[in-house]
Amino acid sequence: MAKKILIIDDDPVIVQYLVNILNDNGYETLSASSGPEGLETIKNEKPDMITLDLQMPEEWGPRFYRKLTKNKAFTDIPVLVISGLSSINYSIPKAVGYLNKPFNPDELLRIVRKTIGNADTDDPR
C-alpha cells in the first residue's frame, strides 16, 4: 500500500505541483487548504507525513503544529515545512526539513524518502 502524504497549503498551484511530484513517485496524496481542514483530514486519514505551509488563512503554520502535537496519536507524524517565508527553520524546530518556495523537486523527494522511505516500502533511502 502506498504511503500517504497530506499537503497543507492554501495555494492551489503549489498543491497541484506537490500532488504531481508525489503521485508520479508512487505516493498517495491528500490535501487541505487550511489548518482546521488539515486537522480534520489527519483524524480521518492518518497520513504517513505532512507538508505544511506556514502562511495560510484561518491558522498560522506554527499554531497548527502546536495543535497537532497536543494529540498524542499525531505526535509521530513527520512534518516537512514548505514556505515562501524567510527563516522558516526557526518556525517549527522539530520539522524533518525545510524547503523555501520555489523548491527543488529532487530535494523534496530526498527528504520524503529519507523520512518515510519509498512510496511502497518501509525502507528509508
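Analyst: We go through the sheet, its helices, the cores and a few single residues. Keep in mind that this is a predicted model.

User: What makes strand 1 and strand 2 a pair?

Analyst: Two strands pair if there are at least two bridges between them. Strand 1 (residues 4–8) and strand 2 (residues 28–32) are joined by five bridges. They therefore count as a pair, and they run parallel.

User: Which strand pairs with strand 1 through four bridges?

Analyst: That is strand 3 (residues 49–52), again parallel. Here I7 has T51 as its bridge partner. T51 in turn is the bridge partner of L80 in strand 4.

User: How do you know that strand 3 pairs with strand 4?

Analyst: The cut-off is at least two bridges. Strand 3 and strand 4 have three, in the parallel sense, so they pass. Strand 4 and strand 5 have four bridges, also parallel. I82 and L99 are bridge partners in that pairing.

User: In what order do the strands lie in the sheet?

Analyst: The order is 2-1-3-4-5, in an open sheet of five strands with parallel pairing. From one strand to the next, the twist averages 20 degrees.

User: Why are strand 2 and strand 5 called edge strands?

Analyst: Each has a single partner strand, so one side of each is left without a neighbour in the sheet. Strand 5 covers 97–100.

User: Which units of the chain are β-α-β and right-handed?

Analyst: Strand 1, helix 1 (residues 12–24) and strand 2 make one such unit. Another crossover goes from strand 3 through helix 3 to strand 4, and this one is right-handed too.

User: How do helix 2 and helix 3 lie on the strands?

Analyst: Helix 2 (residues 35–45) packs on the sheet and touches strand 1, strand 2 and strand 3. Its direction makes about 145 degrees with that of strand 2. Helix 3 (residues 61–70) lies across strand 1, strand 3 and strand 4 (79–83). It runs at about 155 degrees to strand 3.

User: What makes strand 4 "mostly covered"?

Analyst: Five of its five residues are buried. V79, V81 and S83 point one way, while L80 and I82 point the other way.

User: Why is T29 called buried?

Analyst: Buried means under 20% relative accessible area. T29 has 18%, so the label holds. This residue sits in strand 2. Beyond its sequence neighbours up to four places away, T29 touches I5, I7, V19, L22 and N23.

User: What makes the link between T29 and N23 a polar contact?

Analyst: The limit for such a pair of N or O atoms is within 3.5 Å. The side chains of T29 and N23 are joined at 3.1 Å, so the distance is inside the limit.

User: How many residues are in the largest nonpolar core, and which have the most contacts inside it?

Analyst: The core has 20 residues, and those with the most contacts inside it are L22, Y27, L108 and V112. Strand 1, helix 1, strand 4 and helix 4 (105–116) each supply at least two. Helix 1 gives the most, with six. As for L108, the residues it touches include L18, L22, L80 and L99.

User: Which residues belong to the second core?

Analyst: I8, L30, L54 and Y65 are among them. This core is separate and has 19 residues. In soluble globular proteins, nonpolar side chains tend to be buried together.

Note on methods:
Residues numbered from 1 in each chain as written. Predicted model: local features only at pLDDT ≥ 70, side-chain atom pairs only at ≥ 80, totals over all residues. Heavy atoms only, no water. Right-handed = clockwise from strand over helix to strand, strands pointing away. Axes fitted to C-alpha atoms, helices over the stretch in contact; angles between N-to-C directions. Contact = heavy atoms within 4.5 Å. Buried < 20%, exposed > 50% of the residue type's maximum accessible area, 1.4 Å probe, protein only. Polar contact = N/O pair within 3.5 Å; in protein donor to acceptor, adjacent residues only side chain to side chain. Core = buried A, V, L, I, M, F, W, Y, C linked by side-chain atoms within 4.5 Å.
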